Amino acid sequence: MGNASSSSKDFKEIAANSRLDHADLKDLLKKFNSMAVNGELNKEKMKKVIDLKYGGTDSAFSNILFNLFDRNNDKTINFQEFCLAYGYLVNRTLDDIVETSFKCLDLNGDGFISKSELRAVVLMNKKMEKYFKVYNKEKPLDQINLLPLEVSNVNKEADELFDQMDVNGDKQISKEEFLQLTASDPVLKQKMSNLLVKDESLDFFSKK
Ligand SMILES: [Ca+2]
Ligand SMILES: [Ca+2]
């Protein structure tokens, strides 16, 4: 404390926003620099890192993770965004969790959550659960398959959730619908943030 160099000032601000301490940030900076090119991490590079760490990727997973990181929607991830995402995954608190959940679940970023997006997300959650809990990360993510019965159960679950949230029945979930419903239903709010595979995403930052 008391050292007023500009980088320590930046660190202080990032530490406060991400609820991480100085040692965490130093560690994260090393990780970030090992992944980033010219101080930025783009989606392609992020997919490569996912592929390396999980033995494959899933487009719903990489889109969610990218949307979680890229808070200002400029299609690239800077160090501050990198830290905020990590802070959220570790501490589980984020001031704008509802907006962030919507942004993450809207995989293609068109401002709506479609039925196929929700299906893809619920399916990916199931796949990640298998990867972690059934195979204990020993089988590459690319080789994890769901049985036809699992797929139909997942689709049913996703469609029920979708119908619950598509209040006006126009076959898409708008941000207004999402904000209103989650504000009045804490269980639903929790369910939505649970779809962001927080535990599983932490491996993105692991050594390997
Ligand atoms: Ca960004
Ligand atoms: Ca969408």
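These are my notebook entries on a predicted model of a single chain.

**Entry 1: overall form**

I began with the dimensions of the chain. Along the principal axes, the C-alpha atoms fill a box of roughly 55 × 40 × 25 Å. I then looked up the radius of gyration, which is 18 Å; this agrees with the value near 17 Å that a compact globule of 208 residues would have. For the secondary structure I noted eleven helices and four strands. I found that 35% of the 208 residues count as buried. I also checked how far along the sequence the contacts reach: among those between residues at least 6 apart, 64% join residues at least 24 apart.

**Entry 2: the two domains**

I looked up the division of the chain and found domain 1 at 9-90 and domain 2 at 97-200. Taken over C-alpha atoms, the centres of domain 1 and domain 2 are separated by 22 Å. I next asked how many residues of each domain are in contact with the other. The count is twelve residues of domain 1 and 15 residues of domain 2. On the side of domain 1 that touches domain 2, helix H4 (residues 59-69) gives the largest share, with six residues.

**Entry 3: the nonpolar core**

I turned to the largest nonpolar core, which has 51 residues. Ile64 and Phe82 have the most contacts inside this core. I listed the elements that give two or more residues to the core: helix H1 (6-18), helix H2 (22-35), helix H3 (43-54), H4, helix H5 (79-91), helix H6 (97-105), helix H7 (115-134) and helix H8 (148-165). I recorded that the core draws at least three residues from each of domain 1 and domain 2.

**Entry 4: helix H4 and Ile64**

Why is H4 described as largely enclosed by the rest of the structure? Ten of the eleven residues of H4 are buried, so the helix is largely enclosed. The buried residues of H4 are Ala60, Phe61, Ser62, Asn63, Ile64, Leu65, Phe66, Asn67, Leu68 and Phe69. I looked for what covers these buried residues and found that the cover includes H3, S2, H5, H6, H7 and helix H11 (198-201). For Ile64 itself, leaving aside residues up to four places away in sequence, I noted that it touches Cys104, Val121, Leu196 and Val197.

**Entry 5: annotated spans**

I consulted the UniProt record, an unreviewed entry, which places the feature "domain: EF-hand" at residues 57-92, 93-128 and 153-188. I checked two of these spans in the model. Residues 57-92 are 67% helix and 6% strand, and the end C-alpha atoms of this span lie 24 Å apart. Residues 153-188 are 72% helix and 8% strand, with end C-alpha atoms 19 Å apart.

I located Val49 in helix H3. Is Val49 buried, exposed or partly exposed? I counted 19 other C-beta atoms within 10 Å of Val49; since a buried residue needs 20 or more, and an exposed one has 12 or fewer, Val49 is partly exposed. Not counting residues up to four places away in sequence, Val49 touches Met35 and Phe204. Val49 and Phe204 are 155 residues apart in sequence, yet their C-alpha atoms are 7.4 Å apart in space.

I found Lys26 in helix H2. Lys26 has 10 other C-beta atoms within 10 Å and is exposed. The C-alpha atoms of Lys26 and Phe11 are separated by 8.9 Å, and the two residues are 15 apart along the chain.

**Entry 6: positive phi**

Most residues other than glycine have a negative phi. Asn73 has a phi near 55 degrees, a positive value in a residue other than glycine. I placed Asn73 in the loop between H4 and strand S2 (76-77). Asn73 counts as exposed, with 9 C-beta neighbours inside 10 Å.

Arg92 also is not a glycine and has a positive phi, of about 65 degrees. I placed Arg92 in the loop between H5 and H6. Arg92 has 11 C-beta neighbours inside 10 Å and counts as exposed.

Technical notes
Residues numbered from 1 in each chain as written. Chains lettered and ligands numbered in written order. Predicted model: local features only at pLDDT ≥ 70, side-chain atom pairs only at ≥ 80, totals over all residues. Domains from an automatic or database assignment. Contact = placed C-beta atoms within 7 Å. Rg over C-alpha atoms; globule rule 2.2 N^0.38 Å. Core = buried A, V, L, I, M, F, W, Y, C linked by C-beta atoms within 7 Å. UniProt positions renumbered as here; feature names shortened; annotations may be inferred.
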